[in-house]
Amino acid sequence: MMKFSSYIYKMLLGVVLLVSASCTDGFEELNRDPKNPTLTSPGVLFNGVLSKLEVTGDERYYLHHDFSFIASQLLTQTFEADAFSRNAYARGVTSIWGTYFDMLKNVREIESLLEESNLEDAVKNNRLALLKITAAYRSFVMADHFGGFPYFKAGMGFDRNAPNYRPVYDSQESIYKSLLDDLKWAVENIDENVEAYGSQETLFGNDFTKWKKWANSMRLKYALRMYEKDNATASTHIKEVMDGGLPVLEEGEDVVLTLQSVGWPDKNSWSWREHGSLRMGTNIWHKLSDTDDVDGSGIFDPRTKIWFEPNQDDEWIPLPQAYGNIREDLETGNNPYHTRRRSDYFDRGHNFTAVNFWLVEDSEYFPEILTLASDIYFVKAEIYARNIVSGGMSEAKKAYEAGIKASMNYWFNVADNIENWQTFGTGNPTYAPPSMPDATEMDAFLNHPKVMWADANALDLIYTQRWLNYMFQPWDAWSLKRRTDATPAEELGEGGERFVSTMRFPFPQDEKDNNNENWSSYANSIGGDEPSVPVWWDVN
């Protein structure tokens with residue numbers, strides 16, 4: 001059984017217990033404000049920041065299931081109407097926006113407490129470093145969804161004297177560059193010989209090396225994302241990490257949460273069950289199988305039978321990627337993600353290949369992925385292949401193949417942890433989780449014509465495998481598509497135009513109503529608060 005090294009162990013339980021604790025560690029005087037006799041401790045606030053790393057139910061349903069899975073073409077859906085035509089995306093936008101600014105409020109309050117505390121500088125720096133790294137992850141996600149947003153003066157609502165209840169918007173460029181600098185500062189200022197949040201640090205359990213690796217990995221990932229727009233700044237960060245030999249995430253060091261480890265409500269299986277329409281499309285099928293044989297004999301990628309399952313007749317039939325008015329007529333069967341299948345797996349009734357029920361119904365071990373080590377290998381492969389640092393195609397090939405192996409090992413270990421699937425497979429061996437490829441099988445996969453390294457089409461190979469590896473990170477797959485315009489894609493045809501033309505999400509209605517002056521000023525500066533306006537780094 002796999003043990004993820006980066007779980008948040010019982011985070012919410014810890015928050016509940018810690019709320020009743022007194023504020024200590026140099027913050028005692030701050031607790032004696034007669035107007036605020038019980039201030040929250042920095043450890044509790046930091047756990048509050050960590051808790052906002054979760055993808056919310058509405059974000060998952062309305063932004064990812066209704067949009068980014070389809071726009072990235074990792075999956076397709078059985079009905080034609082999309083989130084924009086129904087204006088349903090607004091619920092997802094409101095959810096991700098509210099969650100982020102709840103987090104940012106805690107970030108700003110911790111920053112204020114640290115500034116006013118009498119802690120020794122090394123402890124202050126450690127606390128601030130971990131805070132910056134955690135906040136950077138969610139802030140990058142926000143920037144890639146919206147472009148710019150209120151950032152530098154936002155989140156001050158805890159301070160009754162703050163004048164920034166309606167903060168100005170900051171450009172995506174300024175936010176990106178600030179976050180990259182924050183990650184650099186954090187790594188340079190972590191002192192492994194002093195504490196940070198003690199037992200209240202529930203992400204890596206005070207393993208500061210892992211914190212540094214995550215920070216360095218994000219520097220590489222997001223510097224590469226902005227490389228086409230500002231290669232001078234991006235190159236500086238990339239070279240400092242890679243030429244400087246700074247440690248990054250390696251195989252087995254994936255930054256992943258699970259419902260079991262965190263204790264969050266099960267929003268994952270809810271979103272799959274209630275949405276019900278996502279299916280394997282022809283686009284991804286053609287990257288996993290050599291033929292359209294319905295018996296699956298053409299499948300060459302071992303991950304296929306972890307990510308997907310055949311239809312009601314045990315046939316592998318992808319749903320056509322192209323949109324059309326007859327989509328709902330094509331899929332007349334049952335919802336393959338309904339909870340009824342927990343008691344009767346074979347009550348399937350769906351005509352097209354679906355996402356693996358045992359994965360998406362799992363309420364304990366299905367991963368909430370933040371950063372996979374495999375992704376960082378693919379980032380390094382692109383950096384080498386494009387000669388951003390020295391190493392050339394030989395190093396690019398090594399990183400590419402390491403990324404594939406890390407992805408393979410990660411997903412087969414996930415399957416090993418899905419207990420309901422394991423239990424079902426014991427009595428139904430035909431439907432049991434597949435076995436990890438052995439060395440011979442892995443070599444055969446790496447030498448398959450659609451996978452085998454070739455200098456001449458190095459970037460296409462890297463982008464394809466990185467895109468596949470984003471199977472349950474559709475927001476990152478959408479960003480990869482926008483940045484490169486080189487991820488696998490098929491024509492969507494009539495009805496699919498919105499998925500092609502949308503480059504960002506509009507801001508929530510509340511901003512237009514309650515922060516109108518600042519919203520209007522920023523919207524005008526980028527050419528309008530429209531989905532068709534690209535984010536800052538999207539130059540293709």
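I count two residues as touching when they have heavy atoms within 4.5 Å of each other. I keep that cut-off in mind for the entries below. The model I have open is predicted.

**Entry: R348**

I started with the arginine. R348 sits in the loop between α13 (327–330) and β5 (354–355). Is R348 buried or exposed? I looked up its relative accessibility and found 5%. Buried means under 20%, so R348 counts as buried.

Next I listed what R348 touches, leaving out residues up to four places away in sequence. P310, N311, Q312 and D314 are on the list. Then I checked Q312 for a polar atom pair. A polar atom of the R348 side chain lies 3.4 Å from the backbone oxygen of Q312.

**Entry: strand β2**

I moved on to β2, residues 255–258. Which way do its side chains point? V255 and L257 point one way, and V256 and T258 point the other way. All four are buried.

I then looked for the partner of β2. It pairs with strand β6 (residues 367–371) in the antiparallel sense, over 4 bridges. For V255, the bridge partner in β6 is T371.

**Entry: whole protein**

Last, I noted the totals. I find 23 helices and 6 strands in the protein. Of its 540 residues, 60% count as buried.

Key: Residues are numbered from 1 along each chain as its sequence is written. This is a predicted model: local features need pLDDT of at least 70, side-chain atom pairs count only at pLDDT 80 or more; totals for chains, interfaces and linings use all residues. Side-chain values use heavy atoms; hydrogens and water are left out. Helices (H or I, at least four residues) and strands (E, at least two) are DSSP runs, numbered from the N terminus. Buried means under 20% relative accessible area, exposed over 50%, partly exposed in between (1.4 Å probe, protein chains only). A polar contact is a pair of N or O atoms within 3.5 Å; within protein, one must be able to donate a hydrogen and the other to accept it, and residues adjacent in sequence count only if both atoms are side-chain atoms. Two strands pair if DSSP finds at least two bridges between them.
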